[in-house]
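Hi,

Here is the structure I promised to hand over. Please open it first, then read the notes below.

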Amino acid sequence: MDIKHIAAFSTGDKGGNPAGVVMGDSHPSEAEMRRIAAELNYSETVFAMPVDDAQNHWRARYFSPESEVPFCGHATIALGAVLGQHAGAGRYQLRLNEAEISVEATPTDVGMTATLASPPTRSRDLHPEELRDALGLFGLTEADLDSRLQPAFIHGGADHFLLPLRSRATLAAMSYDLDVGREMMNRYGIVTVMLVYIREDRVFDVRNAFASGGVLEDPATGAAAAAFAGRLREVGWPHGGSFTLHQGEDMGAPSRIHVSLSDEAGSSVQVTGTARDMRG
């Protein structure tokens, strides 16, 4: 069993979201995967094994320090980078618990870049009680929201709540109680709450509260980025085929997530980021 420590969506030799990448001929037991994820204490660790000895087809499972999650974008980018270093540039098929996706590894001057193709996306407006509880968690009111974009439930392989904020200062001041957040997110079955500030039509500053996984905040969240892009597409937001998300800046871990998508409703979203070896 080989464990790699990779920061995904990094900017050069800085930032990014750390992930554990554990590769082997078979998966450890679920109890052992949970133990390793808790010991590494990254927001997620991905466990990958080849399917039928095929080097381009892998079975992947994702664990936070407290729970298994159905899909994790930054850990997939990290896995793609490791696969690119391990088996060469190219596209790899990944079988998840609930979906089949792919990740493509490409070497660049600034390190290995990976692009994942997300599961299908879907979204809806938040129900009144969902909005009440999401706002209450952060001490916000509806006056703090940006009317250009409605609060929403969003999905792109995992479930999230979306809160668009009027003020960058409000985003920077994000604060909440981890235990209260964990209870709320588990009650609604969501992985994160995504807070978004609209910097430009195609550029966004974001933060993701991740209490469901026992982590206050994620520095970069590829699954939420895919779900968010799918939501923007559904409401007819001008996109020109791509978006850029800036995340982690308020944590001192600047991260960049590039998203590209077609106009086909619900279709897969491509999420791209650079990865760096934290121990290299």
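**The cores**

The largest nonpolar core has 57 residues, and those touching the most other members are Tyr62, Met194, Phe204, Phe228, Phe243 and Leu245. A nonpolar core is a set of buried Ala, Val, Leu, Ile, Met, Phe, Trp, Tyr and Cys residues joined through side-chain atoms within 4.5 Å. Buried means under 20% relative accessible area (1.4 Å probe, protein chains only). Helix α6 (residues 222–234) gives the most to this core: eight residues. Helices are DSSP runs of H or I, at least four residues, and strands are runs of E, at least two, numbered from the N terminus. Another core, of 22 residues, lies apart from it and includes Leu126 and Leu171. In soluble globular proteins, nonpolar side chains tend to be buried together.

This is a predicted model: local features need pLDDT of at least 70, side-chain atom pairs count only at pLDDT 80 or more, and totals for chains, interfaces and linings use all residues. Residues are numbered from 1 along each chain as its sequence is written, and side-chain values use heavy atoms, without hydrogens and water.

**Two residues to look at**

Phe204 is in contact (heavy atoms within 4.5 Å) with Phe228, Trp237 and Phe243, among others, leaving aside neighbours within four places in sequence.

Gln247 lies in strand β15 (residues 242–247). Is Gln247 buried or exposed? Gln247 is buried, with a relative accessible area of 1%. Not counting residues up to four places away in sequence, Gln247 touches residues including Val206, Asp218, Thr221 and Ile257.

Best wishes

Definitions and conventions
Buried < 20%, exposed > 50% of the residue type's maximum accessible area, 1.4 Å probe, protein only.
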